Amino acid sequence: MARILAPGTPAPDFTLSVTPDQKLSLRDLRGQPVVLAFYPADWSPVCGDQMALYNEILPEFQKYKAEVLGISVDGSWCHAAFAEAQHLHFPLLSDFEPKGAVAKTYGAYREQDGFCERALFVIDEKGVIFWSYCSPVAVNPGADGILEALENLKEKRQSHGELEGSRRAS
Amino acid sequence: MANLKVPVGPADHTLSDEHAPVTLVEYGDYQCPHCGRAHPVVKALRKHFGRQLRFVYRHFPLTQIHPMAEPAAEAAEFAGANGHFWEMHNAIFENQPSLSLPLLAELAQALGLPSEDLLSALESREFLPAIKEDFLGGVRSGVNGTPTFFINGYRYEGLNEFEDLVEAIDAELLSAKTQHRRAG
């Protein structure tokens, strides 16, 4: 398994296609948590595919104001067809050209296979990796780790806020 | 990371003895073909283990890929509120290939439940919160697809075939007995 970037590391910025004619940069999402989910390929043949699961959990992620991004080496046309077939409501990024370049910067590329690891990153509001996890490639890592990380991030922010003496009206 | 976070409680649909030494929890989706195939397996397990095995079913509908999964789960909850959860549960799985709103209405009618009551419960989404609660509990427990089984709180990672599940449950029965002997 590749060695993925550890918590505390600034998340490498990138600009990738999110649709055939639209791009998205990580830095545009500063100020909110980002869930970056690298996965091997669109069209995984099982029910309860990783992206389908995150799609169901979107309302939970939104409670933490987190933006979820799927990312694989599939091209944007492929992503578009996959997202339409699965009714996905979050962006899928194409790490397509040069292939896997972004995945490599996160240590989440499988040279031997030519596709991404199942690697998860929760990035904080300042663009620093708060939590990361690499699952065996055949195992859908689920969402429990991500939700726990988002919860911990929220708690950290709150306790930090209290330390600074900021008062929150309840 | 993958143990059952929500213990079995009074809100659950359970079959067999609450003091059974082994509890099998399934997170399932009524429109998932893998769950459809697991249904007769669970039935066979219950027959095989009798009162030694308690079975719990929780909802994990993947609504975006299975548009009938959530209405079906709501129909099961509706029947459950009228004391017929398991009849509806079985009927849905047994008719999975033809799952539709008219079918759910028909199944309700067959249980003596007015189909208009079911349709109005579906419309008001009366049972949706209970289903969401199951779903989110599943997510927190690391459920990543369906069916996912937990045996005495531990996630079962094997194949969803009768022999494989029997082996896993037998192992749990054995360890339950050993612990019992130690405690006694």
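Predicted model: local features only at pLDDT ≥ 70, side-chain atom pairs only at ≥ 80, totals over all residues.
Accessible area lost when parts come together is often used to state the size of an interface. The contact draws 20 residues from chain B and 21 residues from chain A.

On the chain B side, the helices α1 (33-49) and α6 (128-140) each supply at least two of the residues that touch chain A. The largest share of that side, four residues, comes from α6(B). The classes of the residues on the side of chain B that touches chain A are set out below.

| Class on the side of chain B | Number of residues |
|---|---|
| nonpolar | eleven residues |
| polar | eight residues |
| charged | one residue |

As for specific pairings, the count of salt bridges between chain B and chain A is zero, whereas four residue pairs, with both residues at pLDDT 80 or more, are found in polar contact across the interface.

E151(A) lies in helix α4 of chain A, which covers residues 144-163. Is E151(A) to be counted as buried, exposed or partly exposed? Its relative accessibility is 24%, so E151(A) counts as partly exposed, given that this class lies between the limits of under 20% for buried and over 50% for exposed. E151(A) is 82 residues apart from L69(A) in sequence, and the two are 18 Å apart in space, C-alpha to C-alpha.

Conventions: Residues numbered from 1 in each chain as written. Chains lettered and ligands numbered in written order. Heavy atoms only, no water. Buried < 20%, exposed > 50% of the residue type's maximum accessible area, 1.4 Å probe, protein only. Contact = heavy atoms within 4.5 Å. Salt bridge = Lys/Arg side-chain N within 4 Å of Asp/Glu carboxyl O. Polar contact = N/O pair within 3.5 Å; in protein donor to acceptor, adjacent residues only side chain to side chain. Nonpolar A, V, L, I, M, F, W, Y, C, P; charged D, E, K, R; others polar.
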